[in-house]
Amino acid sequence: MQFYRDGYRPGDPEIEPAAPQAQQRPERIPAEVDVLIVGTGPAGTVLAAQLAAFPEINTRIVERREGPLQVGQADGVACRTVEMFEAFGLAQGLLREAYWVNEVRFWGPSAADRNHIERTGWVEDTPEGLSEMPHVIVNQARMQQYLLDKAAKSASKLEPNYGVEFVTLEVGEGEHPVAVTLREGDEEFTVRAKYVVGCDGARSNVRRAIGRKLEGDAANHAWGVMDVLAVTDFPDWRTKNVIQSAGKGSLLMIPREGGNMVRLYVDLGEVQAGDRSIRDTTVEQLTEVANAILHPYSIDVRSVAWSSVYEVGQRLAASFDDVPIDDASGRLPHVFIAGDACHTHSAKAGQGMNVSMQDAFNLGWKLATVLRGNADASLLHSYSAERQSVAQDLIDFDKHWSHFIAQPTFDPEHPELGGNTAEEMREEFARQGRYTAGLATKYEPSALTGAGEHQALATGFGIGERFHSAPVTRVADARRMELGHAHQSDGRWRAYLFAGEDASSLVELAAWLGDDAASPLRRFTPVGADIDALVDVHAIFRTGHHEVEISALPAVLLPQTGPLRIQDWEKVWALDPKRDIFAERGIDAEGALVIVRPDQYVANVLPLSARDEIASFFAGIFIAPAS
């Protein structure tokens with residue numbers, strides 16, 4: 001974290017001084033805004049935290065509830081989401097509070113007595129090397145509050161307007177083409193927006209207003225869920241467990257943060273379409289089923305913090321914006337939907353909150369880039385194109401996963417009944433580790449993602465995949481840290497220059513990027529802005545940090561930025577003394593340029609000598625500023 005770049009100020013450095021726009025910000029929603037976010041769920045809060053980094057963008061967020069969420073529904077936080085939280089500067093607080101999921105243990109009918117359960121094995125929850133971040137558990141309300149606090153501490157001082165309900169909208173013409181009808185108390189009023197984002201859940205009124213529907217399979221299997229404080233003789237109470245009984249159903253057990261609470265997902269079996277009576281299941285009934293599954297162990301529930309009953313179903317919108325699907329006119333989108341507003345599924349894989357947050361992380365930087373005049377509005381077509389296919393993959397995975405863990409355990413005396421063996425259950429959990437860690441997303445080639453002609457130069461940084469961090473040493477202060485943690489949620493692209501065995505190619509490219517008129521930094525950076533305002537350039541050398549003379553490097557690697565025009569010392573890196581990032585990520589002996597999008601996904605891998613290809617790639621994204 002950098003601060004004092006505009007001069008020393010006392011107090012908490014995470015609380016930024018209010019920008020002039022924020023100081024003049026009316027408490028009531030103004031008649032015109034740039035972005036109106038509807039809903040403070042996982043997607044809405046990520047989008048608010050991201051857009052709050054740009055006080056020049058007039059963003060407002062409305063929520064029909066009277067205050068923040070108090071009791072969370074979702075709780076599984078994938079490794080990928082923790083990586084994203086690091087970009088917001090929130091990961092360390094999250095990790096301090098969270099329960100860390102280290103392994104998954106499996107229980108099934110005892111061979112001696114199938115009315116009893118016994119432990120059948122265990123697997124590592126997240127395979128070694130997938131991420132520097134763990135899989136953790138923190139309830140949804142806390143996740144959202146971290147993000148809301150981030151927005152409130154920003155220079156934008158962005159906070160939700162609670163008790164404001166979305167009614168409807170119409171898309172017309174003009175600079176603020178979306179006319180949104182809102183209701184506060186008994187009063188309805190209209191706000192005009194450039195863009196509206198519906199993050200208002202599975203029953204989204206924003207989705208209905210743009211004529212989208214959730215389509216897919218009807219729910220046919222019910223689960224009860226409850227967060228309990230209990231006394232028990234079950235020995236694995238503080239590990240994640242998958243428990244299969246002989247004919248009494250299945251139980252998924254996930255410890256919660258705080259050291260005491262545990263979430264139980266209780267299998268309630270098949271339900272008939274349209275049968276809503278299952279939702280009347282009480283916590284006493286859920287406890288009874290759970291105890292039957294756990295026999296000969298039991299739980300004595302002393303308190304229930306939250307409970308619900310839901311039916312598993314997978315539904316998806318055909319598009320995530322307001323452009324008609326068959327419209328070939330090039331009409332630009334102005335209304336978007338994210339999270340549960342455009343895809344719903346079970347909670348079994350723990351992906352709902354995580355994928356919703358990634359929806360918003362994908363959209364936020366694109367809205368900021370367009371609204372700040374750095375890219376054409378056609379960039380916004382890429383949101384639905386990229387995220388709808390990700391959601392379809394999630395739906396497909398969830399169908400498989402929900403069906404798999406709902407299967408009965410295999411009975412060797414009745415093989416005709418089918419079911420999963422203990423070994424099959426362990427193997428399937430291990431096989432799906434990359435997906436449940438949130439790391440399976442891969443964006444297809446587009447203007448934002450290269451086709452991969454030079455992927456061999458950096459095989460460990462898959463184009464279209466999230467940037468897989470590794471340890472390095474910062475040259476200026478000898479600090480060992482993860483390279484990926486240099487990436488902040490500030491809307492900027494990153495260009496990582498990995499040196500070859502001869503570092504001269506890196507130095508030459510850095511000089512070209514900073515000085516040549518054909519460089520994308522010189523061509524697209526707004527007049528008067530810092531040289532790293534759009535693309536943040538970093539250099540990684542193959543030597544120890546003592547062998548790098550930082551003051552002799554091109555100015556783009558030690559730029560003078562900010563209102564005081566002081567040097568930025570945090571862009572030059574060397575080898576970690578214990579781990580070689582070049583070997584771990586397959587960097588070629590000639591070196592490589594790895595271009596990373598603002599949402600932490602690898603956009604391209606190019607040779608250090610590829611001047612024309614570098615210029616061409618960024619020319620497909622940015623527009624030249626007005627002189």
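Student: Where does Ala 478 lie in this model?

Tutor: Ala 478 sits in the loop between β19 (471-474) and β20 (479-482). Helices (H or I, at least four residues) and strands (E, at least two) are DSSP runs, numbered from the N terminus. This is a predicted model, where local features need pLDDT of at least 70, side-chain atom pairs count only at pLDDT 80 or more, and totals for chains, interfaces and linings use all residues. Residues are numbered from 1 along each chain as its sequence is written, and side-chain values use heavy atoms, with hydrogens and water left out.

Student: What should I look for in the backbone of such a loop?

Tutor: Most residues other than glycine have a negative phi, and most peptide bonds are trans. Ala 478 has a positive phi of about 60 degrees, although it is not a glycine. Gln 600 is another residue other than glycine with a positive phi, near 75 degrees. Gln 600 is placed in the loop between β26 (592-596) and β27 (602-606). As for the peptide bond, His 295 and Pro 296 are joined by a cis one, with omega about 20 degrees. Pro 296 belongs to the loop between α7 (283-294) and β16 (299-316).

Student: Are Ala 478 and Gln 600 buried or exposed?

Tutor: Buried means under 20% relative accessible area, exposed over 50%, and partly exposed in between (1.4 Å probe, protein chains only). Ala 478 is partly exposed, with a relative accessible area of 37%, whereas Gln 600 counts as buried at 7%. Of the 627 residues of the protein, 56% count as buried.

Student: How do I read empty space inside the model?

Tutor: Rolling a probe the size of a water molecule over the atoms shows where empty space is left. Here, on a 1 Å grid over the protein atoms alone, a cavity is a set of points where a 1.4 Å probe fits but cannot get out, and lining residues have an atom within 4 Å of a point. Grid points are joined across faces, edges and corners, and a volume is the space filled by probe spheres set on the points. The count comes to 4 cavities of 30 Å³ or more.

Student: Which residues line the largest cavity?

Tutor: Gln 600, the residue with the positive phi near 75 degrees, is one of them. The lining also includes Arg 80, Glu 83, Glu 132, Arg 466, His 485 and His 487. The volume of this largest cavity is about 110 Å³. For classes, Ala, Val, Leu, Ile, Met, Phe, Trp, Tyr, Cys and Pro count as nonpolar, Asp, Glu, Lys and Arg as charged, and the others, Gly among them, as polar. The lining of the largest cavity then divides into 1 nonpolar, 5 polar and 4 charged residues.

Student: What is the lining of the second largest cavity by class?

Tutor: That lining has 5 nonpolar, 3 polar and 3 charged residues. Among them are Phe 54, Arg 372, Asp 490, Arg 492 and Phe 622. The second largest cavity has a volume of about 60 Å³. Its lining draws at least three residues from each of domain 1 (28-90 + 138-216 + 315-322 + 329-396) and domain 3 (455-620).

Student: Which domains does the assignment give?

Tutor: Domain bounds come from an automatic or database domain assignment. Besides domain 1 and domain 3, the assignment gives domain 2 (102-131 + 220-310). The centres of domain 2 and domain 3, taken over C-alpha atoms, are 47 Å apart.

Student: What does UniProt place at residues 441-624?

Tutor: An unreviewed UniProt entry has the feature "domain: Phenol hydroxylase-like C-terminal dimerisation" there. UniProt positions are given in the numbering used here, feature names are shortened, and annotations may be inferred rather than shown by experiment. The span is 16% helix and 21% strand, and its end C-alpha atoms lie 31 Å apart.

Student: How should I judge the fold as a whole?

Tutor: Begin with the elements: the protein has 15 helices and 27 strands. Its radius of gyration is 26 Å, close to the 25 Å that the globule rule gives for 627 residues, so the protein is as compact as a globular protein of that length. The radius of gyration is taken over C-alpha atoms, and the globule rule is 2.2 Å times the number of residues to the power 0.38. Along the principal axes, the C-alpha atoms fill a box of roughly 75 × 60 × 55 Å.

Conventions: On a 1 Å grid over the protein atoms alone, a cavity is a set of points where a 1.4 Å probe fits but cannot get out, and a pocket is an open set with protein on both sides within 12 Å along at least five of seven lines; lining residues have an atom within 4 Å of a point.
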